[in-house]
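Dear colleague,

Please find the structure below, handed over for your records. My notes on it follow directly after.

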Amino acid sequence: MDNFDIIIIGGGSAGSAVAGRLSADPQLRICLIEAGGHNDVMAVKTPGLLPFIPDSSKYDFDTVPQAGLNGRVGYQPRGRGLGGSSAINAMLYIRGNGWDYDQWAQLGATGWSFADCLPYFKRAESNERGADAFHGADGPLHVMDQHWPNAASRAFVEAAAALQLPLNTDFNGATQDGFGLYQVTQKGGERWSSARAYVEPNRGRVNLDIRTGVLVERILVEDGRATGVAISRNGQRSILRAAGGVVLSAGAFNSPQILMLSGIGPADHLAEKGISLVHDLPGVGENLQDHIDYVVSYRTQSNIPFGTSMAGTWRMARAFVQHRWNRTGMMTTPFAESGGFWRTRTDLPAPDVQYHFIPAMLDDHGRNQLKGHGFSCHVCVLRPESRGNVRLNDADPLSPPRIDPGFLSDRRDVETLMAGARMMARICAAPPLSDLGGAVVRPVNVDDDAALEQEIRNRADTVYHPVGSCRMGGDAAAVVNPQLALNGVDGLWVADASIMPRLVSGNTNAPSIMIGERAADFVAAALK
């Protein structure tokens, strides 16, 4: 059957949550459309195989040349397949700072304060530590501590403590400031994507139709209302109808792309691409924000297990066998095992930089392999002021979107990243991390402003958290209202990271799932 009550476009972090929650009502006919596959493969489920996730599970997008990055083209990988980016990410469970959501509400996203969002975070979560004022223990999204972190990851936390920086055992608790080990979205030592949380347990529901390998060409709008989608699958085109409406959950790049392909977006841009205008909505594709990130790698002679050597290869092989046998050991690593949140100025309302420590050397997103053993440390700007946009390259649904994050176009982001990089250098030079004898692979004098800025502009890039391109708000220029309904088209909702008015102070998977949880309630209420 090709007639449904609700069609959900995208089975990623938010879309899976929407599908799982809405299909719990047996009276609703739900269709979940996903461009990729099922992602039910060992490389996705095994955390330590993160560098070997197949290309079929990813979109390898590029940006336009970035003036703020000295003309470089940035790399923007996104998840493809059920689970979306939660199937290819580092599995860190971070919500952001409560202040972020209070700011959303102040910006016009009524009903999205932290007090409003916390019940949905808790509803989604099954934390192995149990329930408390900040955490849930009965939700579908499993969250656990790391039980086999690398000694170097602990050394990073101890080095921060040696500088009198606070320790933090729960970045999603009463305070975000401090350093510690991250909790991860895993269960029993395996990756727990949003698809494993919300879709796979519910495959048996007769009212949930899951269709993979489906390309959405456009959303159908008739008399001002979304009534279905035009799709292609294996070269065959067809129409799916939605009596109740359509939920768009394709992410910060693909959601605005699909809207524009459907004739919803900036009128002048659509005319330029030869697309008939359905609804002029200039905000579609605007307000793009991302965490700009700078990585420093250290080469060591110590016994850090991840690396290119005969001993390292042998350790990895043994660890893989151990994981296949009982799902324990170093192959449960999220790689970004420890880190922290720090304020570059004391007058800030929340931390403005985040650190990710990795017990392996990284270069160019891990695509260039550095020989030997060592560790890397990331620092990113949590609340960037730089803004970019998403546009169409052409009217072909198979073409990638045109992505321009505008990285480091605002001077304030440069200053914040430089301050964060200097503190990162201090931590890495403090014991016990300094006891590993790490030598910087690409040394730079962090006290030389010009040299440090040049190094950052030469090497910084995304840490994979694009948001904001379908901004939520209470004003006429917003793309969606606080109930996530698209302004100007009935029966159409957007539910993913693209609706964030401002980027949250942390990783974006958990907030995206929370958005999906809330969207399911909004849609269900609208159908009554």
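**Methionine 316 and its surroundings**

Leaving aside residues up to four places away in sequence, methionine 316 touches Phe306, Met330 and Met331, where contact means heavy atoms within 4.5 Å. Methionine 316 is located in helix H9 (residues 310-326); helices (H or I, at least four residues) and strands (E, at least two) are DSSP runs, numbered from the N terminus. Between methionine 316 and threonine 300 there are 16 residues in sequence and 18 Å in space, C-alpha to C-alpha.

**Basis of the values**

This is a predicted model, in which local features need pLDDT of at least 70 and side-chain atom pairs count only at pLDDT 80 or more, while totals for chains, interfaces and linings use all residues. Residues are numbered from 1 along each chain as its sequence is written, and side-chain values use heavy atoms, with hydrogens and water left out.

**Helix packing**

Helix H12 (residues 509-527) takes part in a packing with helix H1 (residues 13-22): their axes come within 7 Å and cross at roughly 35 degrees. Axes are lines fitted to C-alpha atoms, for helices over the stretch in contact, and angles run from 0 to 180 degrees between N-to-C directions.

The contact includes Cys117, Tyr120 and Phe121 of H4 and Ile513, Met514 and Glu517 of H12. Its residues divide into 8 nonpolar, no polar and 5 charged.

For helix H3 (residues 98-106) and helix H4 (residues 114-124), the axes come within 8 Å and cross at roughly 125 degrees, so H3 and H4 are oblique to each other. Gly98, Tyr101 and Asp102 of H3 and Phe114, Cys117 and Phe121 of H4 make the contact.

**Lining of the second largest pocket**

The second largest pocket is lined by 16 residues, and Arg345, Leu348, Asp352, Glu385 and Thr416 lie nearest its centre. A pocket here is, on a 1 Å grid over the protein atoms alone, an open set of points where a 1.4 Å probe fits, with protein on both sides within 12 Å along at least five of seven lines; lining residues have an atom within 4 Å of a point. Helix H10 (411-428) and H3 each supply at least two lining residues, and H10 gives the most, with 5. The lining has 5 nonpolar, 3 polar and 8 charged residues.

**Backbone geometry**

Most residues other than glycine have a negative phi, and most peptide bonds are trans. Methionine 91, in the loop between strand S4 (72-79) and H3, has a positive phi near 70 degrees. Proline 431 and proline 432 are joined by a cis peptide bond with omega about 5 degrees; proline 432 is in the loop between H10 and strand S23 (439-440).

Yours sincerely

Notes. Angles under 35 degrees count as roughly parallel, over 145 as roughly antiparallel, 65 to 115 as roughly perpendicular and the rest as oblique. Ala, Val, Leu, Ile, Met, Phe, Trp, Tyr, Cys and Pro count as nonpolar, Asp, Glu, Lys and Arg as charged, and the others, Gly among them, as polar.
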